[in-house]
Amino acid sequence: MKMDKEIVLTYNRLKELEAELEYLKTEKRKEVSEKIKVARGFGDLSENAEYDEAKKEQGEVEVKIVNLEKMLKNAKVIDEDEIDTSKVAVGTKVKIYDMDFEEEVSYEIVGSTEASPDQNKISDESPLGRALIGAKPEEVVTVESPNGEYQVKILEISK
């Protein structure tokens, strides 16, 4: 039996996912159901593109609902008050010095569902995130990325 993977979330992300699930279960389901009803009125279902499209959308909505429910069931919410800034962990912000590019960069370490590289939110499962987890200030870590290894130095860890 496959164990479902624990999903690490911030409180804000948990609330976003719960709101999305509620929207899908209430409004979106009704909207798609209405599209199916209207499309049925167009007659022959075997050649009815609107009906096929509405049924396809219904399937996608249901899959999304199941996935969100599973994700929320396996969610572990990070308590802001319990974040330890003595080492890099999910929920911390970390300022690093990239030794190859000779530049300082700041990232927030988040669970995989919250990752957003354009907002400098990196997943704990990404190559950089994995390398940083558990590291302490002043420590130099080696990152194994698809493009090869590189080193970064932890400058600062904060909430």
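**View 1. Strands β3 and β7 lie side by side in the antiparallel sense.** Six bridges pair β3 with strand β7, which covers residues 148–158, and the two run antiparallel; two strands are said to pair if DSSP finds at least two bridges between them. Strands, like helices, are DSSP runs numbered from the N terminus, where a helice run (H or I) has at least four residues and a strand run (E) at least two. Within this pairing, Lys93 stands opposite Ser158 in β7. The model shown here is predicted, so that local features need pLDDT of at least 70 and side-chain atom pairs count only at pLDDT 80 or more, while totals for chains, interfaces and linings use all residues. Residues are numbered from 1 along each chain as its sequence is written, and side-chain values use heavy atoms, with hydrogens and water left out.

**View 2. Strand β3 has a covered and an uncovered face.** In β3, which spans residues 93–98, Val94, Ile96 and Asp98 make up the covered face, whereas Lys93, Lys95 and Tyr97 make up the uncovered one.

**View 3. Strands β3 and β4 form a hairpin.** These two strands run antiparallel and are joined by six bridges, and the bridge partner of Lys95 in β4 is Ser106. Four residues lie between the strands of this hairpin, in which Glu102 takes a positive phi near 50°.

**View 4. Strand β4 also pairs with β5.** Here β4, made of residues 103–110, runs parallel to β5, and three bridges join the two.

**View 5. Five strands make up an open sheet.** The order of the strands is β5-β4-β3-β7-β6, and their pairing is mixed. At the edges stand β5 (121–123) and β6 (140–145), each of which pairs on one side only. Neighbouring strands of this sheet are turned by 45° against each other on average, direction ignored, with axes taken as lines fitted to C-alpha atoms and angles running from 0 to 180 degrees between N-to-C directions.

**View 6. The largest pocket is lined by 13 residues.** Among these 13 residues, Thr10, Asn12, Glu108, Glu114 and Lys121 lie nearest the centre of the pocket, and the space inside is about 200 Å³. Two or more lining residues come from each of α1 (11–40) and β4, and α1 gives the most, with four residues. By type, the lining divides into eight charged, three polar and two nonpolar residues. A pocket is an open set of points on a 1 Å grid where a 1.4 Å probe fits, with protein on both sides within 12 Å along at least five of seven lines, and lining residues have an atom within 4 Å of a point.

Key. Buried means under 20% relative accessible area, exposed over 50%, partly exposed in between (1.4 Å probe, protein chains only). Grid points are joined across faces, edges and corners, and a volume is the space filled by probe spheres set on the points. Ala, Val, Leu, Ile, Met, Phe, Trp, Tyr, Cys and Pro count as nonpolar, Asp, Glu, Lys and Arg as charged, and the others, Gly among them, as polar.
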